[in-house]
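Please look through the model shown below before reading on.

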Amino acid sequence: IPLALGTTLTKLKVLNIVKNDFNGTIPTTLGLLTGLQLVDMYDNSISGSIPVELTGLTGLVFLELGDNLLTSSIPSGLSKLSLLSYIAWGLNTITGTLPFEIGSMTNITFIGVSYNSMEGTLPSSLANLSQMKFFSCRYNYFSAPEDTLVSIAKLPLLDAFLINRNMFSGDFQNVQFAPTLQLLRLSDNYFTGSYLLENICNLDMIVEVSISNNQFSGVIPSC
């Protein structure tokens with residue numbers, strides 16, 4: 001991806017290079033294209049880090065960087081992208097934590113950060129994202145206080161809560177899942193207790209529940 005991209009195509013609003021074999025790094029000059037609304041680089045061979053200059057794309061609504069060879073951590077300044085609705089960088093080797101400031105991006109409806117090497121505690125600020133419908137952090141090394149997980153799981157529009165293969169624990173005693181929830185994946189964590197199954201009986205829209213490889217106990221309810 002040439003550096004000149006950011007200095008020549010100054011009126012660009014959409015950059016979609018999905019499913020090619022582009023390599024190299026994301027040019028820092030991309031941050032000069034302040035009219036960009038959509039950037040989709042899914043399924044290429046782009047390497048290096050996510051440049052901090054992308055946080056200058058204040059009109060950006062959609063950012064997809066998944067299935068590449070990206071490394072390093074998420075740059076600070078994400079909260080500048082206040083219009084962002086969709087953000088995903090799954091299937092890379094991104095490290096570090098999910099920034100606390102992501103909770104101030106209240107237009108977010110989709111977060112997909114699965115299949116990376118991220119770690120640390122999920123920020124409690126995620127509970128502020130009242131428009132979020134899809135949250136997936138599968139196959140990382142995240143942990144979180146149970147209160148944080150419960151707060152995310154009850155977001156009013158949430159239809160997918162996919163947190164399998166991490167380091168989460170707790171018994172979901174006080175969870176009240178969003179009534180819109182359709183996909184629930186908690187497998188391969190360290191959850192315990194018998195409360196979870198009782199709480200999913202009220203989910204009229206649920207189509208998948210995956211809780212394998214935990215330490216749940218008790219009787220499976222008849223619902």
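How many bridges join strand β2 to strand β4? Three bridges join β2 (residues 23-25) to β4 (residues 45-48), and these two strands run parallel. This is a predicted model, in which local features need pLDDT of at least 70 and side-chain atom pairs count only at pLDDT 80 or more, while totals for chains, interfaces and linings use all residues. Residues are numbered from 1 along each chain as its sequence is written, and side-chain values use heavy atoms, with hydrogens and water left out.

**Strands and their pairing**

Strands are DSSP runs (E, at least two residues) numbered from the N terminus, and two of them pair if DSSP finds at least two bridges between them. Strands of a sheet pair through backbone hydrogen bonds, either parallel or antiparallel. An open sheet is formed by nine strands in the order β1-β3-β5-β7-β8-β10-β12-β14-β16, with parallel pairing. Its edge strands, each of which pairs on one side only, are β1 (14-16) and β16 (208-210). Within this order, β10 pairs with β12 (residues 160-162) in the parallel sense over three bridges. β4 also pairs with β6 in the parallel sense, over two bridges. The table gives one pair of facing residues for each of these pairings.

| Residue | Partner | Strand of the partner |
|---|---|---|
| Asn-23 | Ser-45 | β4 |
| Gly-48 | Leu-70 | β6 |

**A residue in a loop**

Ser-85 is found in the loop between β6 (69-70) and β7 (86-88). With a relative accessible area of 19%, Ser-85 counts as buried, a term that means under 20% relative accessible area with a 1.4 Å probe and protein chains only. Leaving aside residues up to four places away in sequence, Ser-85 touches Val-61, Asn-107, Ile-108, Thr-109 and Phe-110, where contact means heavy atoms within 4.5 Å.

**The largest pocket**

A pocket is an open set of points on a 1 Å grid over the protein atoms alone, where a 1.4 Å probe fits, with protein on both sides within 12 Å along at least five of seven lines; lining residues have an atom within 4 Å of a point. The largest pocket has a volume of about 170 Å³, a volume being the space filled by probe spheres set on the points. Of the 15 residues that line this pocket, Ala-88, Gly-90, Gly-112, Ser-114 and Arg-138 are the closest to its centre. The elements that give two or more residues to the lining are β7, β8 (110-112) and β10 (134-136).

Key
Helices (H or I, at least four residues) and strands (E, at least two) are DSSP runs, numbered from the N terminus. Buried means under 20% relative accessible area, exposed over 50%, partly exposed in between (1.4 Å probe, protein chains only).
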